[in-house]
Amino acid sequence: MEIVILAVVIAVVVIGVLGGLIVGSRRKRPLPPAPPTPPDITAPPAEPHVGDEAETPRDEERRTIEEVDLPDGPAVVVVEEPPTVEAPPIEIPEPTAGRLIRLRTRLSRSQNALGKGLLTLLSREHLDDETWEEIEDTLLTADVGVQPTQELVERLRERVKVLGTRTPEELRALLRDELLQLVGTSMDRTVRTEPETSKPGIVMVVGVNGTGKTTTTGKLARVLVADGRTVVLGAADTFRAAAADQLQTWGERVGAHTVRGPEAGDPASVAFDAVKEGKEMGADVVLIDTAGRLHTKTGLMDELGKVKRVVEKHAPLDEVLLVLDATTGQNGLVQARVFAEVVDISGIVLTKLDGTAKGGIVVAVQRELGVPVKLVGLGEGADDLAPFEPEAFVDALIGD
Ligand SMILES: Nc1nc2c(ncn2[C@@H]2O[C@H](COP(=O)(O)OP(=O)(O)OP(=O)(O)O)[C@@H](O)[C@H]2O)c(=O)[nH]1
Ligand SMILES: [Mg+2]
């Protein structure tokens with residue numbers, strides 16, 4: 001009997017020691033981060049992340065079955081390491097040459113609606129009045145505008161008649177030629193940013209809200225930096241603090257300094273200071289982002305006129321870029337006219353051409369303002385702003 005009791009005692013001790021060893025070896029694992037106190041019951045269950053424990057750590061305090069939460073109880077909250085804040089590295093933007101060619105697939109909507117549509121219609125065996133009307137409709141739907149559409153159709157009719165029988169290659173060449181003539185190849189489309197001995201190049205960016213002014217200013221800064229220029233940004237949109245932050249973020253990415261003023265401050269004085277600092281720093285170019293809306297009752301146009309006049313106390317503006325959202329089509333033209341009356345626009349930036357089938361707006365807006373499209377926005381990416389090249393644009397429209 002005593003032997004039996006002794007054997008049982010020995011067995012218990014051995015099991016105990018072994019169990020202790022196993023638990024002890026598990027304890028060597030690093031402790032999971034402490035859960036926050038108290039747990040937020042309203043919070044949704046934490047999503048598992050890569051590297052998370054698939055099960056509850058074994059070495060947490062043992063709980064009796066009554067204490068264990070049912071599945072709908074508070075979830076185990078895993079506290080993630082706070083991100084360490086580091087200064088972002090300065091980015092090297094992509095070279096600007098050939099960007100429109102690189103981004104040509106972004107014009108696919110316009111290509112399908114305009115280029116391919118026209119080629120298909122022109123390839124019909126009999127080009128009767130009805131077909132010519134369809135060609136006209138295609139151009140109008142793509143926002144080419146009434147006058148340019150009529151001109152194009154007239155010229156095409158004439159040339160097709162002279163041509164007689166037509167091969168697809170001949171038709172493509174004909175259409176390319178006519179579209180190119182409509183877009184225009186003789187205008188100077190360089191964005192004038194050349195610094196002079198005593199002053200940086202000064203560019204002001206204007207347009208109604210949401211068209212893409214700040215984004216364009218940021219992208220343009222990258223274009224210039226890629227070309228080896230030094231840039232100062234002027235945050236003359238004082239309508240909301242976030243606007244200056246947005247611009248500054250763009251600047252920081254390429255190491256460009258941003259001059260900003262107090263929220264709801266005077267935009268003209270911020271613009272003035274930006275040029276002053278640009279001069280003092282010996283920067284090559286100062287880019288001034290403006291507001292599409294204002295705090296004051298003064299009209300936006302009066303305010304922009306004032307910004308321009310105040311900046312011109314330093315030196316004349318080299319470039320006033322009007323940013324137009326291509327997706328707003330003909331409505332954009334009405335705005336464009338108003339801006340053109342107040343500040344002498346020297347170039348147009350057509351943004352969001354990636355999101356529309358209305359690529360014909362390039363033609364319409366140039367006609368309307370007599371000012372060339374100099375840059376086109378083809379996406380939200382940092383380097384999705386391209387110098388406008390008529391040949392590359394028309395080639396993208398009619399496809400390879
Ligand atoms: N798809 C696409 N989106 C663009 C393009 N350009 C700008 N955007 C987007 O348009 C939105 C508005 O751009 P912003 O630059 O803030 O416009 P803004 O004119 O400065 O607006 P306000 O400061 O409110 O007057 C942003 O979400 C941009 O990412 C473009 O070329 N393509
Ligand atoms: Mg803005």
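This is a predicted model: local features need pLDDT of at least 70, side-chain atom pairs count only at pLDDT 80 or more; totals for chains, interfaces and linings use all residues.
**Where ligand 1 sits**

- You'll find ligand 1 in the second largest pocket.
- There are 21 residues around ligand 1, and the ones that come nearest are Lys213, Thr214, Thr215, Asp354 and Glu380.
- Helix α7, which covers residues 213–226, gives the largest share of the shell around the ligand, with 4 residues.
- Sorted by type, the shell residues split into 11 polar, 8 charged and 2 nonpolar.

**Contacts with ligand 1**

- Thr215 reaches in with its side chain: one of its polar atoms there lies 2.4 Å from an oxygen atom of ligand 1.
- Lys352 takes part through its backbone, with an N or O atom 3.0 Å from an oxygen atom of the ligand.
- On its own, ligand 1 has 660 Å² of accessible area, and the protein covers 81% of that.

**Salt bridges**

- Side chains of opposite charge can pair when their charged atoms come close.
- Searching the whole structure turns up 21 salt bridges.
- One of them links Arg124 and Glu134, whose closest N and O atoms are 3.1 Å apart.
- Arg124 lies in the loop between α3 (108–122) and α4 (129–141), while Glu134 is in helix α4, so this pair ties together parts that are 10 residues apart in sequence.

Terms used: Residues are numbered from 1 along each chain as its sequence is written. Chains are lettered from A and ligands numbered from 1 in the order in which they are written. Side-chain values use heavy atoms; hydrogens and water are left out. A residue is near a molecule or strand if one of its heavy atoms lies within 4 Å of it. A polar contact is a pair of N or O atoms within 3.5 Å; within protein, one must be able to donate a hydrogen and the other to accept it, and residues adjacent in sequence count only if both atoms are side-chain atoms. Accessible areas come from the Shrake-Rupley method with a 1.4 Å probe; for residues, only the protein chains shown count as cover. On a 1 Å grid over the protein atoms alone, a cavity is a set of points where a 1.4 Å probe fits but cannot get out, and a pocket is an open set with protein on both sides within 12 Å along at least five of seven lines; lining residues have an atom within 4 Å of a point. A molecule sits in a cavity or pocket if more than half of its atoms lie within 2 Å of its grid points. Helices (H or I, at least four residues) and strands (E, at least two) are DSSP runs, numbered from the N terminus. Ala, Val, Leu, Ile, Met, Phe, Trp, Tyr, Cys and Pro count as nonpolar, Asp, Glu, Lys and Arg as charged, and the others, Gly among them, as polar. A salt bridge is a side-chain nitrogen of Lys or Arg within 4 Å of a carboxyl oxygen of Asp or Glu.
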